[in-house]
Structures are given as structure tokens and as C-alpha cells.
Amino acid sequence: CLGLLAACATTDTEAPSDLLAPVEPLVVMDPSIQRWLDLQQQVASMPIEDIKTQLAGAPYPDDTSEMFYFGLLNQHSQDYEGWIRARDAFRVLHNDERLSPERRQMAALLEMVNQKRINWYQRYMDLLAVNDELKRQLDKSEEEKDLLQQKINALTELEAQISTRKDQ
């Protein structure tokens with residue numbers, strides 16, 4: 001055994017250069033994913049009017065390709081309700097066991113994107129409501145300040161009149 005180990009050991013202290021050479025990862029692209037990516041680019045480049053026209057009266061799709069397209073149209077509709085429909089469509093695709101793992105993962109990512117967009121919009125609307133309330137409070141405070149300033153001015157004038165009468 002010792003002889004076998006000695007024979008396997010290299011006498012060179014430096015590692016072979018071919019072991020340290022960077023290796024390009026092998027990327028295998030599922031053709032259906034590439035079609036989905038191409039479709040996503042196509043929808044992203046569409047004018048919003050075309051997207052809204054295609055969504056007007058469109059039935060809820062049953063087919064996975066139609067579902068993906070429906071989700072993309074809604075995602076790019078720049079509409080809160082559309083983002084909800086897109087999230088739901090991508091959730092259906094994400095949970096569809098018949099799809100490849102790659103397609104399901106892509107659907108999960110798009111579902112997450114739309115959920116984050118929905119969450120952002122809700123936070124934005126909440127902040128707008130807080131901003132409106134703070135503006136109302138500021139306006140009320142300004143009115144109270146003006147009223148107090150008027151009272152101070154009235155008291156100052158009254159004191160001046162009283163002081164003038166005492167001097168007379």
C-alpha cells in the first residue's frame with residue numbers, strides 16, 4: 001500500500017496548470033424557456049395601448065403558453081389589478097407539475113416580481129395616505145398658529161390701549 005501511495009504522489013510541488021485553468025460552465029438552455037424569454041422581450045417592447053387592447057375582453061386562459069402570455073401582458077399593463085392577475089397566472093404556472101422545473105422556476109420568479117410590485121404599490125398608497133394626513137395636520141396647525149397670532153396681536157393692542165388710558 002505504501003508503495004502504491006508513493007507512486008501516486010507527484011514530486012512536483014506546483015499544481016498542474018490545466019487543473020487551475022478556468023472552466024466555462026456548460027449552460028443547457030431549455031428551448032421552451034428560450035421561447036418564453038423571447039415572448040417576454042416581445043411583450044416588453046409592446047406599446048401599452050396594444051397591451052391593453054389585447055387584454056380587453058380576453059378570457060382567462062387554460063393552456064400554459066396562453067397563461068404565460070396572459071401573465072406577461074398583465075405584468076406590463078402598468079395597472080395594479082393587472083399585476084394581481086399576472087401574479088396569479090404565474091402562480092398557477094409555478095404550481096403546474098406538468099411543466100419542466102426550469103419553466104416552473106421562471107414562473108416562480110415572475111410571480112415574485114409581481115408580488116413585490118404589488119407590495120411596493122400598497123406601501124406607496126399607504127405612504128400617500130400618511131402624507132395626506134400629515135398635510136391636513138400641518139394645515140390645521142398653521143390655522144391654529146394664525147389664530148394664536150391674531151389673539152396675541154389683539155392682546156398686544158389691548159395692552160397698548162390700557163397703557164395709553166393709564167397714561168392719560
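**One end of a helix and its neighbours**

A: Q105 lies in helix α7, where helices are DSSP runs of H or I with at least four residues, strands are runs of E with at least two, and both are numbered from the N terminus. This is a predicted model, in which local features need pLDDT of at least 70 and side-chain atom pairs count only at 80 or more, while totals for chains, interfaces and linings use all residues. Residues are numbered from 1 along each chain as its sequence is written, and side-chain values use heavy atoms, leaving out hydrogens and water.

Let's stay with Q105 for a moment. Q105 has a relative accessible area of 52%, so it is exposed (over 50%; buried is under 20%, partly exposed is in between, with a 1.4 Å probe and protein chains only). Now look for H94: eleven residues separate Q105 and H94 in sequence, and their C-alpha atoms are 6.7 Å apart in space.

Next, find R104, which forms a salt bridge with E97. That term means a side-chain nitrogen of Lys or Arg within 4 Å of a carboxyl oxygen of Asp or Glu. In this pair, the closest N and O atoms are 3.5 Å apart. R104 is partly exposed, at 22% relative accessibility, while E97 is exposed, at 62%.

A second pair joins the side chains of D96 and R98, with 3.0 Å from N to O.

T64 belongs to helix α5, and at 16% relative accessibility T64 is buried.

Leaving α5, you come to Q78 in the loop between α5 and α6 (80-94). Most residues other than glycine have a negative phi. Q78 is not a glycine, yet its phi is positive, at about 55°. Q78 counts as exposed because its relative accessibility is 64%.

Now back to α7, which spans residues 101-167 and also holds M125. M125 is partly exposed, at 36% relative accessible area. Elsewhere in α7 are E142 and K145, three residues apart, about one turn of the helix. These two form a salt bridge as well, the closest N and O atoms being 3.9 Å apart, and E142 is partly exposed, at 37% relative accessibility.

Finally, zoom out. Seven salt bridges turn up in a search of the whole structure. The chain has seven helices and zero strands, giving the pattern α-α-α-α-α-α-α along the sequence. Of its 168 residues, 23% are buried. Among contacts between residues at least 6 apart in sequence, 58% join residues at least 24 apart.

Key. Contact = heavy atoms within 4.5 Å.
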